[in-house]
Amino acid sequence: MIEVTDLVRHYPVVTGLRALFSADRHKLVRAVDGVSFRVGDGEVLGIVGESGCGKSTTAKMLAGLEAPTAGSIRINGQDASDLRDRDRKEFHREVQMVFQDPYGSINPSHDVFQVVSRPLVYQGERDRKAIRRRVLAAMDQVGLSPPDLYLGKHPHLLSGGQRQRLCIARAIILNPTFLVADEPISMLDVSIKWDIIRLLRRLVRETGLSLIYITHDLATVSTICDRLAIMYLGKIVETGPALKILTAPAHPYTKALIASIPSPVPGARREAADIKGAMPDAITPTGGCGFVDRCPVAVKRCAVSEPALTRYQGRDAACHLLAESGPAAVPIAMEA
Ligand SMILES: Nc1ncnc2c1ncn2[C@@H]1O[C@H](COP(=O)(O)OP(=O)(O)O)[C@@H](O)[C@H]1O
Ligand SMILES: [Mg+2]
């Protein structure tokens, strides 16, 4: 089980020497700004949101590729920041990543065998027979079979889908507890997207690993995700069972996201129009709800006070208008 609590990652807006003289030197990009969630064994959590909302930064912190500015990541009860360097390497081995770009994340001078065996070698495995056996098993698991057809090949001779399978084989060869797939299908042809989704789903079922599936595209999540976390501007604005959120979204942002896809699940309600404008920058905190400028139902309070995630009809949502008790809110237009 992986448990993330109040995870924060800020980046300086300007870096290097320029920062000494820049008026913006104290400014920060709040890439991830207080995110909490849990993923149980064999569970699939979808993290969904527009480009720039902090999905990849969250993923990189989980995999140990970025250090959190604040907050904690616990895997099976163990806190990553309590560990010494050597143990941390072991710890983060439990979390493997599959990246968006199956071309960019492969060393072009390696052949297929080298790509898949590399994590084993890196972890200190020297037994050549054992390495070969595990490479063949991993390739078989991801559907690169018969493996002999691929082993000596260079990855640039593979198709996009085969290359993503290769990346998945490399990610599962150390039997991780968690797989974080960051937009694994967004660069693939439509025809093979579903093959990769089905593959991930099968791996979860067969191996019991937990999956964090990151996407900006809600159309695929009902097939693979048990639960969803909808992110906006570095924060989770709605989280709960996938089917509940897809069929009866509560947060205005989630409603708009769902309204913009053709058909998330049969019978889904559609009541919101497309959202206008773009996500604001994550630099200037407003003190209010991050979605206020684009929200069709915002009230005055939304501009000055930030809503917290609270329980609402079987999920958690961060919206002042969804308080289960309390005075009914009046849309801004009517308040005036
Ligand atoms: N290394 C970095 N330095 C500065 N800003 C960054 C860095 N990485 C990401 N950001 C910023 O953090 C925000 C979130 O980025 P990211 O996590 O990549 O979003 P997503 O994956 O959802 O598209 C964006 O505004 C992005 O520009
Ligand atoms: Mg990203």
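Lys235 counts as partly exposed, at 24% relative accessibility. In this predicted model, the Lys235 side chain forms a salt bridge with Glu306, with the closest N and O atoms 3.2 Å apart. The pair links distant parts of the chain, 71 residues apart. Lys235 sits in strand β10 (residues 235-241). Glu306 sits in the loop between α11 (300-304) and β11 (310-312). Asp33 belongs here too: salt bridges that share partners join Asp33, Lys235 and Glu306 into one network. Glu306 itself is partly exposed, with 41% relative accessibility.

## Salt bridges

The count of salt bridges comes to 13. Side chains of opposite charge can pair when their charged atoms come close.

| Pair | Closest N to O distance | Separation in sequence |
|---|---|---|
| Glu3 and Arg38 | 3.2 Å | 35 residues |

Take Glu3 and Arg38, which meet in a salt bridge at 3.2 Å. Glu3 lies in strand β1 and Arg38 in strand β2, so this pair ties together parts that are 35 residues apart in sequence.

Arg132 is partly exposed at 40% relative accessibility. Asp148 is exposed, with a relative accessible area of 60%.

## The four-stranded sheet

Four strands form an open sheet. Their order is β2-β1-β4-β5, and the pairing is antiparallel. The edge strands are β2 (28-39) and β5 (78-79), each of which pairs on one side only.

Strand β1 (residues 2-12) is joined to β2 by nine bridges. Two positions show how these strands line up. Leu7 stands opposite Val35 in β2. Tyr11 stands opposite Val29, also in β2. Five bridges join β1 to β4, and these two strands run antiparallel. Glu3 has its bridge partner in β4, namely Arg74. The side chain of Glu3 also forms the salt bridge with Arg38, a residue of β2.

In a regular strand the side chains alternate between the two faces of the sheet.

Which helix lies across β1, β2 and β4? It is α2 (residues 55-62), running at about 120° to β1. Strand β4 covers residues 70-75.

## An exposed nonpolar patch

The surface carries a nonpolar patch formed by Leu17, Leu20 and Phe21. Together these residues have about 420 Å² of accessible area. Leu17 is in the loop between β1 and α1 (18-21). Why does Leu17 count as exposed? Its relative accessibility is 66%, and the cut-off for exposed is over 50%.

## Helix α4 and its packing

Helix α4 spans residues 112-122. Its buried residues are Val112, Val115, Val116, Ser117, Pro119 and Leu120. They pack against α5 (128-141) and α6 (160-172).

Ser117 is one of these buried residues. Its relative accessible area is 5%. Leaving aside neighbours within four places in sequence, Ser117 is in contact with Ile131 and Val135. After α4 comes Gly124, whose phi is positive, near 105°.

## Val204 in helix α7

Val204 lies in helix α7 (residues 190-207). Is Val204 buried or exposed? Val204 is buried, with a relative accessible area of 4%. Which residues does Val204 contact, leaving aside its neighbours within four places in sequence? The partners are Gly42, Val44, Leu209 and Leu211. The C-alpha atoms of Val204 and Leu179 are separated by 9.2 Å. Those two residues are 25 residues apart along the chain.

Methods:
Residues are numbered from 1 along each chain as its sequence is written. Chains are lettered from A and ligands numbered from 1 in the order in which they are written. This is a predicted model: local features need pLDDT of at least 70, side-chain atom pairs count only at pLDDT 80 or more; totals for chains, interfaces and linings use all residues. Side-chain values use heavy atoms; hydrogens and water are left out. Two strands pair if DSSP finds at least two bridges between them. Contact means heavy atoms within 4.5 Å. Axes are lines fitted to C-alpha atoms, for helices over the stretch in contact, and angles run from 0 to 180 degrees between N-to-C directions. Buried means under 20% relative accessible area, exposed over 50%, partly exposed in between (1.4 Å probe, protein chains only). Patches are made of residues with over 30% relative accessible area and no salt bridge: like charges are joined within 9 Å, nonpolar side chains (Val, Leu, Ile, Met, Phe, Trp, Tyr) within 5 Å. Accessible areas come from the Shrake-Rupley method with a 1.4 Å probe; for residues, only the protein chains shown count as cover. A salt bridge is a side-chain nitrogen of Lys or Arg within 4 Å of a carboxyl oxygen of Asp or Glu.
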